[in-house]
Amino acid sequence: RPQDVQAWLHGLGLAECTEAFARHRVDGALLLQIDDADLSDELEVSSRLQRKRLLTAIRILGSQTGPVR
């Protein structure tokens, strides 16, 4: 659910990203498919370091939840 992703972003200390993720209705399944271009171009995360932080957290989350169906 998009609300879960927003809570996850808050937990990472990236609350400023929640509006863009909500606007694009990013849920858990979509989150696990996001790449650097999506973060930069679609979700407008301009900071390269924030994108790295997000991609690392997404990779960790994906390893804990298993493959996306």
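## Arg51 and Asp36

Arg51 is buried, with a relative accessibility of 10%. The model is a predicted one. The side chain of Arg51 forms a salt bridge with that of Asp36, at an N to O distance of 2.9 Å. This pair connects distant parts of the chain, as Asp36 belongs to helix H4 and Arg51 to helix H5 (residues 48–65), 15 residues apart.

Asp36 has a relative accessible area of 34%, and because buried means under 20% and exposed over 50%, Asp36 counts as partly exposed.

## Other salt bridges

The count of salt bridges is 3. One of them joins Glu19 to Arg23, with 3.8 Å between the closest N and O atoms. Glu19 and Arg23 are 4 residues apart in helix H2 (residues 18–23), so about one helical turn separates them. Glu19 is exposed at 60% relative accessible area, whereas Arg23 is partly exposed at 44%.

Asp4 and Arg1 also pair through their side chains, in a salt bridge of 3.2 Å from N to O. Here Arg1 is exposed, with a relative accessible area of 57%, and Asp4 is partly exposed, at 42%.

## Negative surface patch

A patch of negative charge on the surface is made up of Asp35, Asp41, Glu42 and Glu44. Of these residues, Asp41 is located in helix H4 (residues 36–42). The relative accessibility of Asp41 is 54%; because the cut-off for exposed is over 50%, Asp41 counts as exposed.

Note on methods
Residues numbered from 1 in each chain as written. Predicted model: local features only at pLDDT ≥ 70, side-chain atom pairs only at ≥ 80, totals over all residues. Heavy atoms only, no water. Patch = residues over 30% accessible without salt bridge, like charges linked within 9 Å, V, L, I, M, F, W, Y side chains within 5 Å. Areas by Shrake-Rupley, 256 points an atom, 1.4 Å probe, with all protein chains shown as cover. Salt bridge = Lys/Arg side-chain N within 4 Å of Asp/Glu carboxyl O. Lys, Arg positive; Asp, Glu negative; His and termini not counted. Charge placed at Lys NZ, Arg CZ, Asp CG, Glu CD. Helix = DSSP H or I, 4+ residues; strand = E, 2+ residues; numbered from the N terminus. Buried < 20%, exposed > 50% of the residue type's maximum accessible area, 1.4 Å probe, protein only.
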